[in-house]
Amino acid sequence: MVRRRSRSRDWGPPAPPVWPGGGGGRRRSGGAGCSELARLPLNMAAAEAAAPPAGGGGCSPAGGSGSVPVLFCFSVFARPSSVPHGSGYELLIQKFLSLYGDQIDVHRKFVVQLFAEEWSQYIDLPKGFLVSERCKVRLVPLQVQMTTLGNLTPSSTVFFCCDMQERFRPAIKYFGDIISVGQRLLQGARLLGIPVIVTEQYPKGLGSTVQEIDLTGAKLVLPKTKFSMVLPEVEAALAEIPGVRSVVLFGVETHVCIQQTALELIGRGLEVHIVADATSSRSMMDRMFALERLARTGIIVTTSEAILLQLVADKEHPKFKEIQNLIKASAPESGLLSKV
């Protein structure tokens, strides 16, 4: 027989996403009560010290003080612990990280659920929940795969220019063509107020960005030795740009730095657009198979003209005429065309 409680409760809507630091982080939509764990502070002691006072929103009337025993479940594991009386959603997330941090992919989204005895099953954590009595909670990864639509708006887009350096000039196929298209993209970014992040691979040995590429107004120009552009400084720069959803990526080499950058970015939940006519390698075979692989992972392989016109979207856009002037001369139709 299922044991039921006679007292009914209004659970209310599930807890909303937690984004510590208020509006300073990037917000993205997700399931009810979901969090991107990479955004949460990792200092458990500080979080416990900041636990909210008890009072409302819990599964029973708040009262008392001290620690409350909680069973934290994740995957096939269940570990008993305790949290301060009156702890809320964010503190429960912190506790999950402290107990299971080595097993949790912090770049995924999760939902916290509470075991409700009256239903004899887990339910999404109620909005405003505060721990006031012994309970059992679990962390569940969200499995829903969203179709990538590829919509671009200037306010949610950033351009990544990868390693367009002087020493690559004689080695990269059709390098002159991708310089020309890359410069067109950067001019468009300046017209539309889109932030630009630029990296240079080991500039001491490979030289700086080629002179034809005008980096005026770039948000960040950064030397690197890692192949991917996703460095701590780049992540910090992205965090300073509110609402970033899409990255337009171009440069060299397609199968190395471009590929590794794109995969890291989609792993962090960003939509990636690779500009095929502004991206190349020393080997066209490497370039071709890299673009095919990236397209299969949901990364959008597109062209410079498609990018710029999608960003203005309307003939009545105040910058349309200037963008139109940029693309009046078609991008070079080089050997890149048949090797996408």
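A residue counts as buried when its relative accessible area is under 20%. By that criterion Phe-74 and Phe-110 are both buried in this predicted model.

**Aromatic pairs**

- Across the whole structure, the search returns six aromatic pairs.
- One of them joins Phe-74 and Tyr-100, with ring centres 5.5 Å apart and planes at 45°, so this pair is tilted.
- Phe-74 sits in strand E2 (residues 67-74) and Tyr-100 in helix H2 (residues 89-100), so the pair connects distant parts of the chain, 26 residues apart.
- Tyr-100, like Phe-74, is buried.
- Phe-74 also pairs with Phe-110: the ring centres are 6.4 Å apart and the planes stand at 55°, so this pair is tilted.
- Because Phe-110 is in strand E4 (residues 109-116) and Phe-74 in strand E2, their pair ties together parts 36 residues apart in sequence.

**Packing of H6 and H7**

- Helix H6 (residues 254-267) packs with helix H7 (residues 284-296) at an angle of about 15°, and the axes are 9 Å apart.
- Angles under 35 degrees count as roughly parallel, and H6 and H7 are therefore roughly parallel to each other.
- Their crossing is right-handed.
- H6 contributes Thr-254, His-255, Gln-259, Ala-262 and Leu-263 to the contact, while H7 contributes Asp-286, Arg-287, Ala-290, Leu-291, Arg-293 and Leu-294.
- Sorted by class, the contact of H6 with H7 comprises five nonpolar, three polar and three charged residues.

Terms used: Residues numbered from 1 in each chain as written. Predicted model: local features only at pLDDT ≥ 70, side-chain atom pairs only at ≥ 80, totals over all residues. Heavy atoms only, no water. Axes fitted to C-alpha atoms, helices over the stretch in contact; angles between N-to-C directions. Helix = DSSP H or I, 4+ residues; strand = E, 2+ residues; numbered from the N terminus. Parallel < 35°, antiparallel > 145°, perpendicular 65-115°, else oblique. Left-handed = near helix turned anticlockwise from the far one by under 90°. Contact = heavy atoms within 4.5 Å. Nonpolar A, V, L, I, M, F, W, Y, C, P; charged D, E, K, R; others polar. Phe/Tyr/Trp six-rings, centres within 6.5 Å; stacked < 30°, edge-to-face > 60°. Buried < 20%, exposed > 50% of the residue type's maximum accessible area, 1.4 Å probe, protein only.
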